[in-house]
Amino acid sequence: MLLRCLHAMSFLLLLLLCAANGVLVRSRNARESCELKLKQMHVRAQQFDDSRGQTVHCRGRVTTHYCDGSCRSKMIPSFSTRAGFAKLCRCCFERSSEVVNVWLDHCEAPDGTRVPGRYFQMLEPTSCGCQRCT
């Protein structure tokens, strides 16, 4: 039992020494998994209708792509920062995107009168990846 405790303490000491010298210690489960996924969501939009001379409010459900996942980030000791640590953050972002037209079928004038549905433009990701957080 004593041998196990000494082994565990020496392992912890090694981890602390590595961290103090800026050596990255990674977990085996620290893989990046930023992916393009589909989701159905409720959308609200408004548009000025020239023929009516007023703003029309619309809503509806659309299926759209989004980016989801986890990316590796780290915080390491550093003498060059005031806090004493350098933060290297990575986040799941879109790498590319395109404008798509979505149909919103429930539209109303400001007085509550129902008006025909219409298309709206929306920016949708086409690919995702881990990038430096902004």
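This is a predicted model: local features need pLDDT of at least 70, side-chain atom pairs count only at pLDDT 80 or more; totals for chains, interfaces and linings use all residues.
Which cysteine forms a disulfide with cysteine 71? The partner is cysteine 130, and the two sulfur atoms are 2.1 Å apart.

**Disulfides**

A search of the whole structure gives 5 disulfides. Counting the bonded cysteines along the chain, the pattern of links is 1-6, 2-7, 3-8, 4-9, 5-10. Three of these links are set out in the table.

| Pair | S to S distance | Angle about the S-S bond | Hand |
|---|---|---|---|
| Cysteine 58 and cysteine 107 | 2.1 Å | 115 degrees | right-handed |
| Cysteine 71 and cysteine 130 | 2.1 Å | -80 degrees | left-handed |
| Cysteine 91 and cysteine 133 | 1.8 Å | 100 degrees | right-handed |

The disulfide of cysteine 58 and cysteine 107 has its sulfur atoms 2.1 Å apart. This pair links distant parts of the chain, 49 residues apart: cysteine 58 belongs to strand 2 (residues 54-68) and cysteine 107 to strand 6 (residues 106-108). Both cysteine 58 and cysteine 107 are buried.

The link of cysteine 71 and cysteine 130 is left-handed, with -80 degrees about the S-S bond. Is cysteine 71 buried or exposed? Cysteine 71 has a relative accessible area of 16%, and because buried means under 20%, it counts as buried. Cysteine 130, at 10% relative accessibility, is buried as well.

A further disulfide joins cysteine 91 to cysteine 133, with an S to S distance of 1.8 Å. Here too the pair links distant parts of the chain: cysteine 91 sits in strand 5 (residues 90-104) and cysteine 133 in the segment after strand 8, 42 residues apart. Cysteine 91 is partly exposed, its relative accessible area being 28%. Cysteine 133 is also partly exposed, with a relative accessible area of 25%.

Cysteine 133 itself is joined to cysteine 91. With 36% relative accessibility, cysteine 89 counts as partly exposed.

**Ring contacts**

How many aromatic pairs does the count come to? The count is 1 aromatic pair. It consists of tryptophan 103 and tyrosine 119, whose ring centres are 4.9 Å apart. Their planes stand at 65 degrees, and since planes over 60 degrees apart count as edge-to-face, the pair is edge-to-face. Tryptophan 103 is in strand 5 and tyrosine 119 in strand 8, so the contact ties together parts that are 16 residues apart in sequence.

The two residues of the aromatic pair fall into separate accessibility classes. Tryptophan 103 is partly exposed, at 41% relative accessibility, whereas tyrosine 119 is exposed, with a relative accessible area of 53%.

Another ring contact involves a charge. The charged end of lysine 39 sits over the ring of tyrosine 66, at 5.7 Å from the ring centre.

Key: Residues are numbered from 1 along each chain as its sequence is written. Side-chain values use heavy atoms; hydrogens and water are left out. A disulfide is a pair of cysteine sulfur atoms within 2.5 Å. Helices (H or I, at least four residues) and strands (E, at least two) are DSSP runs, numbered from the N terminus. Buried means under 20% relative accessible area, exposed over 50%, partly exposed in between (1.4 Å probe, protein chains only). Rings of Phe, Tyr and Trp (its six-membered ring) pair if their centres lie within 6.5 Å; planes under 30 degrees apart count as stacked, over 60 as edge-to-face and the rest as tilted. A charge sits over a ring if NZ of Lys or CZ of Arg is within 6 Å of the ring centre and within 35 degrees of the ring normal.
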